[in-house]
Amino acid sequence: MALFQRPRAPRPPIGHTLIASLLLIALALSACASSTSGGGASSTSAPIRIGFSITETGPDAAPAKFDLQGYQLGADTINAQGGLLGRKVQLVYYDDQGSASTAVQLYQRLITSDKVDLLVGPYQTDLTSAIAPLVTRYKMAMPAMAANLEPFSGRYPYLVQSITQTPRYMIPVIDLAATKGYKTLALLIQDTAFPLELAQGIKQEAAARGIRVVFEATYPADTNDFTALVLKAGAAKPDMIIGATYLADAEGIIRAARASNVNAKLFAFSIGPVEPEFGSALANAANGILGTTLWFPTLKTAGNAEFVQNFRAHFGRDPDYHAAMAYATMQALAAAVRMAGSLDQTKIRDAYLKLDLQTVAGEFKLNNLGQQLGYQAYVLQWQNGKQELVWPPAVATSPVQLPHPNW
Amino acid sequence: MLQLQTYLLLLLTGIMWGGVYLLMASGLNLIYGVMKVVNLAHGDFIVVAGLLAVSLYGAFRAGPALAIPVATLLFLLVGGLIYRGLLARVETTAPQGELRTLLITFGLSSIISNIALLIWGGQYQSVPFFQSAVHLGALFFPESLLVSSLLAFALAFAVQLWLTRTRSGRLVRATAQSELGAASCGLNTGRIRLLTFALGAAMAGAAGALTVVLIPVQAASGGFMTVQAFTLIALGGLGNYLGALLAAILLGVIEVSSSYFLGASAASAVIYVIFILVLIVRPQGLLGQRGRI
């Protein structure tokens with residue numbers, strides 16, 4: 001490239017066509033991102049309309065899509081069984097883009113202008129917390145897949161929890177550890193709402209089972225380097241290293257532990273190993289690592305095999321635990337409405353609280369605050385590049401492989 | 001003795017993380033140094049290159065040895081096209097010029113990250129390469145960290161040599177010092193700016209394709225990476241190569257050692273406290289004008 005040249009006359013400014021066309025693309029993209037919506041009302045058959053917002057676009061869209069498909073399959077199943085109160089059901093939903101303020105607007109719209117008959121929750125605790133006051137003000141009963149207990153602490157009596165509660169996520173890991181006779185625990189906690197509440201549950205259960213927490217540290221969500229953290233955890237010589245994590249930090253901790261040769265008999269993480277990307281990102285290093293899941297395709301819960309089969313037939317892919325939880329939410333909704341015998345929201349809320357229902361996700365049973373008591377968590381382990389359910393033993397697809405060998 | 005070993009490990013790990021941060025900031029630094037353009041899409045270039053490496057791994061089980069040249073060439077081209085198509089078409093020198101380039105690159109960042117979201121989805125992705133540990137005596141280092149930082153320092157050294165020892169590098173520096181002066185001496189400053197932007201983008205591409213073995217990325221990670229890279233080059237003195245090197249090592253060592261001694265939550269605060277202190281005492285950055293491109 002000739003850099004040393006006679007300067008040319010400056011180019012006259014061409015019409016800003018390129019900028020304009022890029023702006024158009026940007027506009028088109030943002031339009032795609034904001035205007036997807038479900039079907040409107042059709043008054044002829046007067047179906048019961050179930051409203052919700054879901055994250056169809058944005059970084060959280062992938063798991064939320066499973067929620068949506070779980071809801072859709074759940075509604076189809078209700079209709080195949082003859083509907084509710086002699087009427088068909090129909091879903092009315094909008095894309096909240098993962099934004100709490102958008103979700104609030106959309107639920108306002110669902111309640112006041114669409115006048116839907118029933119509500120179910122969005123994806124994520126943050127969004128549920130944001131819409132909770134609104135839903136309560138209009139006295140609409142709403143099952144929500146929000147794992148943290150905060151929205152179900154009595155302030156929002158019309159919300160009920162339709163997912164395993166956060167403090168219980170890792171109870172079976174502690175149970176497994178106690179069975180193996182492991183005594184000490186190093187706990188690494190991401191400094192955000194879900195892992196913090198989860199860590200409280202782990203500590204309580206550990207104390208009850210005589211397991212000592214010998215190291216505990218929190219770290220910010222944007223941490224890149226886990227070397228220092230892992231070295232300090234390793235220096236306490238714990239039997240177990242357990243992380244209250246999401247995916248990226250769980251990977252970071254494993255990478256750092258392996259590289260710094262920090263060993264433990266058991267490595268377990270809340271969210272991370274449950275994602276398929278955990279295996280593809282870590283390859284061999286993923287093997288032997290334990291994780292939590294709320295559902296598994298091989299579980300012998302009521303109608304589970306049929307659910308997996310129908311889901312595959314409908315959507316051409318395997319369901320994950322989000323899909324199962326959403327499907328089970330629709331099962332609970334149908335049972336509550338049938339029990340209430342009408343669309344009276346207070347009666348439906350009371351029905352939810354009285355329900356004791358076997359769903360694909362397990363037993364749906366609440367306390368009088370609407371907190372989920374029935375749903376459990378399960379332990380999975382990566383073995384030979386595959387996820388296997390390993391604990392509790394009654395539902396295991398493969399025996400657990402412990403202790404974790406030195407790196 | 002064991003204590004001493006731990007301290008040495010922390011120091012060396014910190015220097016290596018410094019190398020990784022330097023690698024991720026180099027392209028931004030070059031572009032700012034020569035063009036006075038803060039490329040707000042820089043982090044998105046890194047993310048897309050990383051996600052591309054994930055796809056190459058998924059399709060061919062190919063590692064960074066393939067992903068780095070592919071991403072480098074791709075972003076050389078993309079950088080050139082962006083310069084020709086967008087940046088060359090607006091007046092960038094006037095005081096409002098910097099604002100215009102900020103707006104353009106900000107919009108670009110939004111477009112790129114949303115396209116990446118459509119292609120790759122929002123999940124964190126990474127590739128399993130350079131996963132084992134390297135033993136140096138009694139010390140263990142992650143292989144991925146060692147490789148990334150070695151490449152980073154090599155690249156920084158190569159760019160330094162290019163800028164100071166070659167004719168084209170000197171022409172670039174002349175343009176950086178005074179575009180008007182360079183143009184009046186007969187330099188084709190438009191081409192030099194084109195070359196700089198393309199090279200800066202290519203460096204972001206190379207950085208992304210390599211660091212994805214170390215730092216999982218998702219489509220929306222770009223903004224944070226841009227901020228991190230900008231903090232680093234601002235600390236070193238915008239557009240200053242030696243300064244960026246110094247700042248990178250400082251940041252890496254401070255991050256790793258403060259997260260060991262004070263806890264990880266305090267570490268991120270310490271970095272920005274030091275950043276603010278430096279900006280109060282030396283607003284021109286650690287090295288300021290000395291050693292500028």
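The text takes the helix and then the sheet.

This is a predicted model, in which local features need pLDDT of at least 70, side-chain atom pairs count only at pLDDT 80 or more, and totals for chains, interfaces and linings use all residues. Residues are numbered from 1 along each chain as its sequence is written, chains are lettered from A and ligands numbered from 1 in the order in which they are written, and side-chain values use heavy atoms, without hydrogens and water.

Helices (H or I, at least four residues) and strands (E, at least two) are DSSP runs, numbered from the N terminus. Helix α11 of chain B, residues 264–281, has 18 residues and reaches 26 Å from its first C-alpha to its last, close to the 26 Å expected at 1.5 Å a residue. The expected span is 1.5 Å times one less than the number of residues.

Buried means under 20% relative accessible area, exposed over 50%, and partly exposed in between (1.4 Å probe, protein chains only).

| Class in α11(B) | Residues |
|---|---|
| Buried | B:Ala264, B:Ala267, B:Ile271, B:Phe275, B:Val278 |
| Exposed, on the other side | B:Ile280, B:Val281 |

The buried residues of α11(B) pack against β7 (212–219) of chain A and against α9 (222–236) and α10 (241–261) of chain B; contact means heavy atoms within 4.5 Å.

In chain A, three strands form an open, parallel sheet in the order β2-β1-β3. Its edge strands, β2 (89–95) and β3 (118–119) of chain A, each pair on one side only; pairing requires at least two bridges found by DSSP between two strands. Two bridges join β1(A), residues 48–54, to β3(A), and A:Ile50 has A:Leu118 of β3(A) as its bridge partner.
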